[in-house]
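The following paragraphs lead the reader through selected features of one protein model. Please keep the sequence and the structure in view while reading.

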Amino acid sequence: MKKLTLLFCTVLTFGVFAEEPKPLPIKAAIKMAETVIAETALEKGQKPRRYNYWMYQNYMITEGIKAMGEALGRPDFSSYQDKQMLYFLEEYKNIKPMTGMYLHPRTMWHCGMVASLYDLKRTSDHPEIARGISYFQKMLNNAPKVADGTLARYRPEWKSKAIQIDDLYMVSPYWVRKSVDLGEAKYLDLAIEETLSYYKHLWNAETKLFNCLWLEKKPEVKIPHWARGNGWFVLGITDLLNFVPENHPKRAELLEVYNNVMHGLMARQDKDGLWHQVLDHPESYTETSSSGMFTYSLLHGSTKGWLPPSARTAGIKGWNGLQAKLTDKNQLEDVCRSTGMSEDLDYYFNRERITHDQHGIGPYLLAAAEIIKLEKK
């Protein structure tokens, strides 16, 4: 009986691995990261480029390159985020586009890079770090909230305060790093409660996908299941789980939410490994920034043991699918341009598709870092 059991387990295990696709090479991702670094001003006096702007998209890129550096053992990658931020702190007065969002943030998406200030704070005492953090904290202190205390933004077209799904990734990474820096659990708990509140207000239990906006005065309004909107929640909770201790009383609930969300997305994955611009509308095009977000989170979550092995298989399929969207210059095609919120499905169907947009670069490089780790194992 023991021999039969062993034989069955061996066959089952072999079957699992036999069905799992082999990840395609990461060569293009390495070249993409090298190109981004070469096209970023990192020394005082150099002319700023688009990767120097105060943009949440650039935060994703620096996180991706840093993660690749750690996985590859490349100091030029690992040090990129700190160098990029130090340059900004020295030169922000000369970086005209987006600088107003740094000095005078008015809403949460204006401050998508503030989390890297806390990462930089571990190795630098640059005086602008504390000032930069204070700009963002002041804005948060005065930000609107819905009745239950969740941070919101005002949407004049609906004349209502709203919980908007992309805002989670703008605040949660900031709070968890602030919690570590100050040694105060209250900021971690803020990130956890905000995440669970977003899930409560935006999750659609029937479709197992997120609506991207909840309006306090018009909760009946349902925004289509826009892929990158779902991706912002996924990136936020994936980042958060890295900071939640095993014994935290909310960890089990977060993992349940995480599995619900990721299984919902796995069910919508296209046969080519990617996800559609509107997740429940396969007639919409396969969009690469969201596909990168989901691919990264599936790979990271499965490696960490937060998700089952099937998530790794889906993540590898996503990675392989993304390679088909690369140009001969190692640039991703079919990235949805910056996008607002609309009840109109055609609004999402007809959004311009861009090649090598920063929304797509960061998630792709984050996913590449996970593939490198997987290959090393």
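Gly-183, with a positive phi near 65°, follows helix 9. The model is a predicted one, in which local features need pLDDT of at least 70, side-chain atom pairs count only at pLDDT 80 or more, and totals for chains, interfaces and linings use all residues. Residues are numbered from 1 along each chain as its sequence is written, and side-chain values use heavy atoms, with hydrogens and water left out. Helices (H or I, at least four residues) and strands (E, at least two) are DSSP runs, numbered from the N terminus.

Helix 9 covers residues 167-182, 16 residues in total, and reaches 23 Å from its first C-alpha to its last, close to the expected 22 Å. The expected span is 1.5 Å times one less than the number of residues in the helix.

Helix 10 has 18 residues, 185-202, and reaches 26 Å between its first and last C-alpha atoms, close to the 26 Å expected. Its buried residues include Tyr-187, Leu-188, Tyr-198 and Tyr-199.

Most residues other than glycine have a negative phi. The loop between strand 9 (353-354) and helix 16 (358-376) holds His-356, which is buried because its relative accessible area is 10%.

Other loop residues are exposed. Lys-93 lies in the loop between helix 5 (80-91) and helix 6 (99-103) and counts as exposed because its relative accessibility is 61%. Its C-alpha atom is separated by 12 Å from that of Lys-47, although the two residues are 46 residues apart along the chain.

Glu-220 is placed in the loop between strand 5 (213-215) and helix 11 (227-241), and its relative accessible area of 56% makes this residue exposed. Together with Glu-343, Asp-344 and Asp-346, Glu-220 forms a negative surface patch. Such a patch is made of residues with over 30% relative accessible area and no salt bridge, like charges being joined within 9 Å. A salt bridge is a side-chain nitrogen of Lys or Arg within 4 Å of a carboxyl oxygen of Asp or Glu.

Key: Patches are made of residues with over 30% relative accessible area and no salt bridge: like charges are joined within 9 Å, nonpolar side chains (Val, Leu, Ile, Met, Phe, Trp, Tyr) within 5 Å. Accessible areas come from the Shrake-Rupley method with a 1.4 Å probe; for residues, only the protein chains shown count as cover. Lys and Arg count as positive and Asp and Glu as negative; His and the chain ends are not counted. The place of a charge is taken as NZ of Lys, CZ of Arg, CG of Asp or CD of Glu. Buried means under 20% relative accessible area, exposed over 50%, partly exposed in between (1.4 Å probe, protein chains only).
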